[in-house]
Amino acid sequence: MLLYVRRWLVAPLQQPDGTLVARDRGSPQGSAVSPVLANVFLHYAFDAWMARTFPDVAFERYADDAVAHCRTEREAREVLAAIRSRLAECGLDLNEAKTRIVYCKDADRRGWYEHMSFSFLGYTFRPRLSKSRFGKHFVNFSPAVSKEAGVRMRREIRRWRLHERSDKTLTDLARMFNTVIQGWINYYGRFYKSMLYPTFRHLNDILVRWAMRTRIARTSADNRLRSRVTDSLLGVMSSLPLPCRSTRRRMSNPRNEKPSST
């Protein structure tokens with residue numbers, strides 16, 4: 001295993017023109033093993049170090065994103081300075097654009113600070129109006145689907161081009177896309193499900209367009225079929241010989257019998 005890890009780490013970088021460039025740090029970009037190696041590295045560089053240095057500070061980490069829970073602003077600044085120093089020792093830098101100290105405002109913490117919200121794993125954590133089990137409304141620092149996640153979902157829905165699939169039935173569309181939609185609901189609907197309403201209202205509008213186009217297409221198809229049948233009947237009728245007067249008389253009196261007088 002160590003042999004393969006070493007090979008992955010020293011594998012050269014291939015340029016668009018085919019030339020190879022030697023690397024002395026990092027893992028191959030886009031490689032399937034890169035997240036695994038990064039996670040193993042950060043486990044010892046961050047997770048184990050946090051557990052030893054700040055045993056009373058709870059934290060979560062997913063890939064290279066992490067959230068540490070501090071009780072006071074002073075403690076938060078101390079932890080941030082220590083994390084910055086630790087990552088520098090390991091040859092890493094903090095993303096200053098995403099690194100911040102956030103004040104978790106709620107009904108008990110009523111102060112006002114520069115940053116009072118943050119996003120993590122597709123959720124935005126910020127003060128929201130909540131309702132207790134006794135029916136009382138209060139401010140709670142809680143998560144809901146982030147604006148960026150909603151934009152990604154709506155962009156994916158538009159990419160499906162549902163309104164152009166007039167050849168599909170509603171059952172076909174459900175079979176094709178229900179697993180994705182149910183996955184969104186299961187993940188982002190765990191907290192503050194009402195924040196998903198704009199996204200699925202957008203989906204509902206597209207389904208209305210699909211239904212209207214499907215009805216128009218089917219009506220047009222029925223009209224075309226009716227027109228073809230009418231044209232065929234007219235063609236058959238025009239090819240039949242028209243009966244003359246004597247023929248009509250014979251047809252009305254096939255035995256050529258004289259009509260009886262009464």
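Q: What counts as a salt bridge here?
A: A salt bridge is a side-chain nitrogen of Lys or Arg within 4 Å of a carboxyl oxygen of Asp or Glu.

Q: How many salt bridges does a search of the whole structure find?
A: The search finds 11 salt bridges. This is a predicted model, where local features need pLDDT of at least 70 and side-chain atom pairs count only at pLDDT 80 or more, while totals for chains, interfaces and linings use all residues. Residues are numbered from 1 along each chain as its sequence is written, and side-chain values use heavy atoms, with hydrogens and water left out.

Q: What is the overall layout, in helices and strands?
A: The protein has seven helices and seven strands. From the N terminus on, the order is α-β-β-α-β-β-α-β-β-β-α-α-α-α. Helices (H or I, at least four residues) and strands (E, at least two) are DSSP runs, numbered from the N terminus.

Q: Back to the salt bridges. What does lysine 98 pair with?
A: Lysine 98 pairs with aspartate 65, and the closest N and O atoms are 3.1 Å apart. This pair links distant parts of the chain: lysine 98 is in the loop between α3 (73-89) and β5 (118-120), aspartate 65 is in strand β4 (residues 65-69), and the two are 33 residues apart.

Q: Is lysine 98 buried or exposed?
A: Lysine 98 counts as exposed, at 54% relative accessibility. Aspartate 65 is partly exposed, with a relative accessible area of 27%. The cut-offs are under 20% relative accessible area for buried and over 50% for exposed, with partly exposed in between (1.4 Å probe, protein chains only).

Q: And what share of the protein is buried?
A: Buried residues make up 22% of the 262 residues.

Q: Which residue does glutamate 73 meet in a salt bridge?
A: Glutamate 73 meets arginine 77, at 2.9 Å from N to O. They are four residues apart in helix α3, so about one helical turn separates them. Glutamate 73 is partly exposed at 36% relative accessibility.

Q: What about arginine 175, what does its side chain meet?
A: The side chain of arginine 175 meets that of aspartate 172 in a salt bridge of 3.2 Å, N to O. Both residues lie in helix α5 (residues 170-188), three residues apart, about one turn of the helix. Arginine 175 is exposed at 60% relative accessibility, whereas aspartate 172 is partly exposed at 24%.

Q: Changing topic: which residues make the nonpolar surface patch?
A: Leu129, Val139, Phe191, Tyr192 and Met195 make a patch of about 420 Å². Patches take residues with over 30% relative accessible area and no salt bridge; like charges are joined within 9 Å, and nonpolar side chains (Val, Leu, Ile, Met, Phe, Trp, Tyr) within 5 Å. Accessible areas come from the Shrake-Rupley method with a 1.4 Å probe, and for residues only the protein chains shown count as cover.

Q: Where is leucine 129?
A: Leucine 129 is in strand β6 (residues 123-131). Its relative accessible area is 53%, so leucine 129 is exposed.

Q: Last one: how far apart are alanine 58 and cysteine 70 in space?
A: They are 7.7 Å apart, C-alpha to C-alpha, and 12 residues apart in sequence. Alanine 58 lies in strand β3 (residues 58-62) and is partly exposed at 42% relative accessibility.
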